[in-house]
Amino acid sequence: GEEVTVYRLEESSPMNLDKSMSSWSQHGTAAMIQVLSQEEMDGGLRRAMKVICTWSQNDVLKLGQVFIVKAFLPEVVQTWQNIFHDGTVLHLCLKEIQQQRAAQKLIYTFNQVKPRTIPYTPRFLEVFLIYCHSTNQWLTIEKYMTGEFRKYNNNNGDEISPSSLLEELMLAFSHWTYVYTCGELLVLDLQGVGENLTDPSVIKPEDKKSGKMVFGPANLGEGAIRNFIAKHHCNSCCRRLKLPGMQ
């Protein structure tokens with residue numbers, strides 16, 4: 001197996017995510033993982049491997065559990081090299097995890113305000129940062145989801161035509177994030193298995209222009225927001241959440 005060190009994005013108040021401050025753990029935890037297979041990944045920014053945890057200190061990764069490890073493709077790293085210079089891969093991994101945590105915090109609040117009549121509680125997976133010793137490489141790791149993988153909308157703001165309450169809820173969540181943050185953020189690229197989501201794009205309007213990247217490289221900025229506003233069809237969940245129309 002491969003020896004890795006696992007780092008977590010820790011919370012000051014994990015039970016109240018909406019009021020919590022995030023900070024990176026200073027000390028990593030050791031674990032061993034065994035590669036099972038290469039996996040296909042949608043989106044073209046990263047490649048993925050399916051792994052199993054064979055040993056872990058303090059149960060940081062659950063023994064015998066299957067995980068997905070994701071690595072940024074060399075061409076993506078090259079694109080961002082002129083901004084980050086040294087440690088580009090580490091920066092990209094940190095941004096990716098911070099982006100997922102921002103989405104986690106928003107969905108935590110969303111689940112508290114949505115009407116009780118909606119029987120779903122969507123959530124984003126927890127993502128860890130890992131350092132692989134043999135390849136001298138920074139990667140991200142998250143739980144492997146079994147079941148039918150669905151995509152509800154894209155990072156450019158295009159959405160599916162919903163055919164179930166769960167699908168309507170996912171699209172309404174994107175709409176809600178924009179209203180709740182007063183247009184500061186829009187969570188797109190909603191995808192996953194059932195209520196478990198991963199790999200969102202948290203779109204921040206000024207990101208692309210300034211060359212600064214608050215969140216991951218999949219952020220398409222203003223263009224995605226404009227496209228979402230133009231194409232989003234309010235559904236029964238938007239109405240139950242009393243969201244104003246986007247157009």
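How many salt bridges are counted between domain 1 and domain 2? The count is 2, a salt bridge being a side-chain nitrogen of Lys or Arg within 4 Å of a carboxyl oxygen of Asp or Glu. Lys70 and Asp199 pair up through their side chains in a salt bridge, with 3.2 Å from N to O.

The model is predicted, with pLDDT of at least 70 needed for local features and 80 or more for side-chain atom pairs, while totals for chains, interfaces and linings use all residues. Residues are numbered from 1 along each chain as its sequence is written, and side-chain values use heavy atoms, leaving out hydrogens and water.

Domain 1 puts 35 residues into the contact and domain 2 puts in 31, contact meaning heavy atoms within 4.5 Å. Together the domains bury about 2,900 Å², 69% of it on carbon and sulfur atoms; buried area is the accessible area (1.4 Å probe) lost when two parts are put together, summed over both. On the domain 1 side, Gln99, Leu106 and Phe110 supply 23% of the area buried against domain 2, more than any other three residues.

As for secondary structure, β6 (66-72), α1 (74-84), α2 (88-113) and β7 (123-124) each bring at least two residues to the side of domain 1 that touches domain 2 (helices are DSSP runs of H or I, at least four residues, and strands runs of E, at least two, numbered from the N terminus). The biggest giver is α2, with 13 residues.
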